[in-house]
Amino acid sequence: MNDADVMVIGAGASGLMAAIAAGKRGRRVRMIDHASRPGQKILMSGGGRCNFTNRTVSAEHYVSSNPHFCKSALSRYTPGDFLALVEQHRIAYEERAHGQLFCVHSARDILDMLLCESRQAGVLLDLDTHVERLERTDTGHFQIVCNRAIYRCSSVIVATGGLSVPAAGASALGYRIAEQFGIPVRPRSAGLVPFTLQPGDKERFATLAGIAVEAEIGNARQRFRENLLFTHRGVSGPAVLQMSLYWEPGETLWINLLPRIELFAWLREKQRVHPRRTLKALLSERLPQRLVAAMLPSEMADRRLQTLSHAQFREVAAMLQQWPLKPGGTEGYRTAEVTLGGVDCDALSSKTMQARAVPGLFFTGEVVDISGRLGGYNLQWAWSSGWCAGQFA
Ligand SMILES: Cc1cc2nc3c(=O)[nH]c(=O)nc-3n(C[C@H](O)[C@H](O)[C@H](O)COP(=O)(O)OP(=O)(O)OC[C@H]3O[C@@H](n4cnc5c(N)ncnc54)[C@H](O)[C@@H]3O)c2cc1C
């Protein structure tokens, strides 16, 4: 039997931060993880450079069935607080577009920093530890029965993350624990994930794999203007990943492949100046030739501008600037960066992350129904929510 004040299940981003915060308060903290190494997703994040936060973080950067829930934690442990820790550890970082902060060298710097802080806070870490069951004892304590030991504690912080990337240790344990204690779990799906195409579109766009263009993609609720990348399976790139957070299966999206110009007016102007140019040659000034060939019927693309009517220009503008795309689906959890849905925010205190109906039981990080956009927002949520739980556990 191993006793602790606080047991943290999951030694990822949020669990490490929660353990550090609780340990610094003098609590006896123990972390367990079924993986053989802690913080695997931190190491994978930001292409190995860890986009650990963003200069500007607010509720609008998150998707949740309760859009206000994240505000408290984000305002109590801010990007500035995390940055101060990074600077204290003299980790080199850089700011990229849209306020995204990345390590200059490696994501390993962030993980090493957190492991160092957790050692200093006296946190114990047991890896390769599989939870068999979690029970509440008659005395109001919790007992966690694992393959290697039984742990007893007064608080449990569930920081088991989402379902994305099973190869990095993802599991549904956190949701199961919530359900066991009668805490609702909102439906889950893959987020920040590439779209796959319907069979017809897949064939039509098969030759475009590797092509990237600046594009705008949207639906009635959201729109994003960033790069769009054609892949062997469908479409990806930042614009698509962001949009996947706001997409419902079966929904048709619109894509503007030339978001910088008013295409109809541009075509009319070019017709006046270069009447003998073909439409294909003209559009290839602004789009890769292969993309033009895939988007427009050849009998239209091969025509000289002087032979095209204004109605036909409008058709071309619609094909390229309001391209309706109905994805076949997404690539799913295998490649998703986050999991949408999760433990229902309404069942938790936004200040402490404690389950309202189960004193001593906390949920933090991605297991909660909060998903951030691309740009360091998911890790900031992991840090903020973990820190808050660590103040009260
Ligand atoms: C490829 C990739 C790149 C990303 N890049 C970024 C980025 O640059 N910036 C950003 O903000 N976000 C990024 N994210 C998202 C971010 O990594 C996660 O949102 C964040 O790690 C969530 O933190 P967490 O602590 O809730 O979960 P995790 O970091 O996933 O940690 C969960 C921990 O729980 C453990 N666990 C799971 N099940 C069990 C179980 N049954 N028993 C015991 N332990 C268990 C896991 O082994 C893991 O250690 C990326 C995600 C991916 C997949």
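**Close-up views of a predicted model**

View 1. Look for Asp128 in the loop that links β8 to β9 (131–136). Its backbone deserves a glance as well: phi of Asp128 is positive, about 50°, although the residue is not a glycine. For context, most residues other than glycine have a negative phi.

**View 2. Met353, a buried residue with a positive phi.** Here the loop between β21 (338–343) and β22 takes the stage, with Met353 in it. Met353 is not a glycine, yet its phi is positive, near 70°. Is Met353 buried or exposed? Met353 is buried, since 33 other C-beta atoms lie within 10 Å and the cut-off for burial is 20 or more.

**View 3. An open sheet of five strands.** Reading across the sheet, the strands come in the order β8-β3-β2-β12-β22, and their pairing is parallel. Which strands stand at the edges? They are β8 (124–126) and β22 (361–363); each has a single partner strand, so one side of each has no neighbour in the sheet. From one strand to the next, the twist averages 20°.

**View 4. The pairing of β2 with β12.** Strand β2 (residues 6–9) runs parallel to strand β12 (residues 155–158), and four bridges join the two. A handy landmark is Ile9, which has Val158 of β12 opposite. As a reminder, strands of a sheet pair through backbone hydrogen bonds.

**View 5. The shell around the ligand.** There are 38 residues around the ligand, and those that come nearest are Gly10, Gly12, Gly161, Gly169 and Gly365. By class, the shell holds 17 nonpolar, 17 polar and four charged residues. Helices take part too: α1 (13–24), α2 (40–44) and α14 (377–392) supply at least two residues each. Which helix gives the most to the shell? That is α14, with four residues.

**View 6. The packing of α1 against α5.** Helix α1, one of those that supply residues to the shell around the ligand, also packs with helix α5 (residues 108–120). Their axes are 8 Å apart, at an angle of about 30°. The crossing of α1 and α5 is left-handed.

Technical notes. Residues numbered from 1 in each chain as written. Predicted model: local features only at pLDDT ≥ 70, side-chain atom pairs only at ≥ 80, totals over all residues. Pairing = 2+ DSSP bridges. Axes fitted to C-alpha atoms, helices over the stretch in contact; angles between N-to-C directions. Near = placed C-beta within 6 Å. Nonpolar A, V, L, I, M, F, W, Y, C, P; charged D, E, K, R; others polar. Buried ≥ 20, exposed ≤ 12 C-beta atoms within 10 Å, placed from the backbone. Left-handed = near helix turned anticlockwise from the far one by under 90°.
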